[in-house]
Amino acid sequence: MTPNGIAIRRIRQDRKMSLRALSRLVGLDRGYLSRLERGLVHRPADDKLRAIAAALEVSTTDITERRDITMTTALRPIPPVDDSGTDPAELVHYTPYQVADHGWLPMAGRTLRDMAVKRRVPHSQAGGRITFTLAHVREIAASYEVRPITETKHGA
């Protein structure tokens with residue numbers, strides 16, 4: 001089983017449970033649980049994942065990833081540009097995790113956030129928070145678009 005750290009963290013936080021409390025319930029080191037939530041532990045023992053699921057009162061499928069499903073899921077279309085300039089959706093700022101949840105880009109929220117921190121993708125950073133508008137999402141999607149070989153630039 002492959003752990004889904006984002007799901008573990010969200011469920012834990014929804015339950016208003018600290019890492020320390022989860023650590024006490026499952027008998028695992030707090031640092032280990034933190035690494036698990038951040039995606040740094042790739043192959044934990046199945047019994048550890050079962051203990052975490054039991055402590056969070058969810059099934060193990062709720063806190064694990066199914067690679068065969070995530071690799072085949074199609075991206076959702078990004079809403080089209082509204083030329084009239086009256087669409088309020090164009091003004092909404094989405095967090096990296098909201099962009100990932102919408103399925104508009106082929107990357108996880110954490111990856112998108114890290115790319116923004118390294119200034120590799122367009123984004124807004126007001127008040128210290130990284131956000132994306134639909135225009136940013138479209139620009140990022142266009143940069144990841146696969147082009148036919150006849151359209152690619154050849155090295156000089």
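The protein chain of this predicted model has an average pLDDT of 81, and 81% of its residues score at least 70. Among the elements of the chain, the highest mean pLDDT, 95, belongs to α2, whereas the lowest, 39, belongs to helix α5 (residues 67-70). Over residues 67-73 the pLDDT stays under 50, and for this stretch the model has 1 contact beyond four places in sequence. Where pLDDT is low, the predicted coordinates should not be read in detail.

**Nonpolar cores**

The largest nonpolar core comprises 18 residues, and those with the most contacts inside it are L22, V26, L33, I52, L56 and I63. At least two residues of this core are supplied by each of α1 (5-14), α2 (19-26), α3 (30-37) and α4 (46-56), and the largest share, 5 residues, comes from α4. L33 illustrates how such a residue is surrounded: not counting residues up to four places away in sequence, L33 touches L19, L22, S23, V26, L28 and I52.

Which residues of α4 are buried? They are L49, I52, A53, A55 and L56, and because the arc they cover around the axis is only 165°, they lie on the same side of α4. An α-helix has 3.6 residues a turn, so residues three or four places apart point the same way. On the other side of α4, D47 and A54 are exposed. The buried residues of α4 are covered by elements including β1 (2-3), α1, α2, α3 and β2 (64-65). After α4 comes E57, which has a positive phi, near 60°.

**A7 in helix α1**

A7 is placed in helix α1 and counts as buried, with a relative accessibility of 16%. Apart from neighbours within four places in sequence, A7 is in contact with D62 and I63; I63 is also one of the residues with the most contacts inside the largest nonpolar core. The C-alpha atoms of A7 and T64 are 7.9 Å apart in space, although the two residues are 57 residues apart in sequence.

**T131 in strand β4**

T131 is found in strand β4 (residues 129-131), where its relative accessible area of 11% makes it buried. Its side chain makes a polar contact of 2.9 Å with the side chain of H93. Leaving aside neighbours within four places in sequence, the residues in contact with T131 are H93, Y94, H123, S124 and H136.

**Salt bridges**

Side chains of opposite charge can pair when their charged atoms come close. How many salt bridges does a search of the whole structure find? The search finds 5, and the table gives some of them.

| Salt bridge | N to O distance |
|---|---|
| D101 and R10 | 3.4 Å |
| R12 and E37 | 2.6 Å |
| D114 and R113 | 3.3 Å |

The salt bridge between D101 and R10 links distant parts of the chain, with D101 in helix α6 (residues 96-102) and R10 in helix α1, 91 residues apart. D101 counts as partly exposed at 46% relative accessibility, and R10 is likewise partly exposed, with a relative accessible area of 34%.

The salt bridge between R12 and E37 also links distant parts of the chain, here R12 in helix α1 and E37 in helix α3, which are 25 residues apart.

In the salt bridge between D114 and R113, D114 counts as partly exposed at 27% relative accessibility, and R113 is partly exposed with a relative accessible area of 27%.

Technical notes
Residues are numbered from 1 along each chain as its sequence is written. This is a predicted model: local features need pLDDT of at least 70, side-chain atom pairs count only at pLDDT 80 or more; totals for chains, interfaces and linings use all residues. Side-chain values use heavy atoms; hydrogens and water are left out. A nonpolar core is a set of buried Ala, Val, Leu, Ile, Met, Phe, Trp, Tyr and Cys residues joined through side-chain atoms within 4.5 Å. Buried means under 20% relative accessible area, exposed over 50%, partly exposed in between (1.4 Å probe, protein chains only). Helices (H or I, at least four residues) and strands (E, at least two) are DSSP runs, numbered from the N terminus. Contact means heavy atoms within 4.5 Å. A polar contact is a pair of N or O atoms within 3.5 Å; within protein, one must be able to donate a hydrogen and the other to accept it, and residues adjacent in sequence count only if both atoms are side-chain atoms. pLDDT is the predictor's confidence in each residue, from 0 to 100. The arc is that of the directions from the helix axis to the C-beta atoms. A salt bridge is a side-chain nitrogen of Lys or Arg within 4 Å of a carboxyl oxygen of Asp or Glu.
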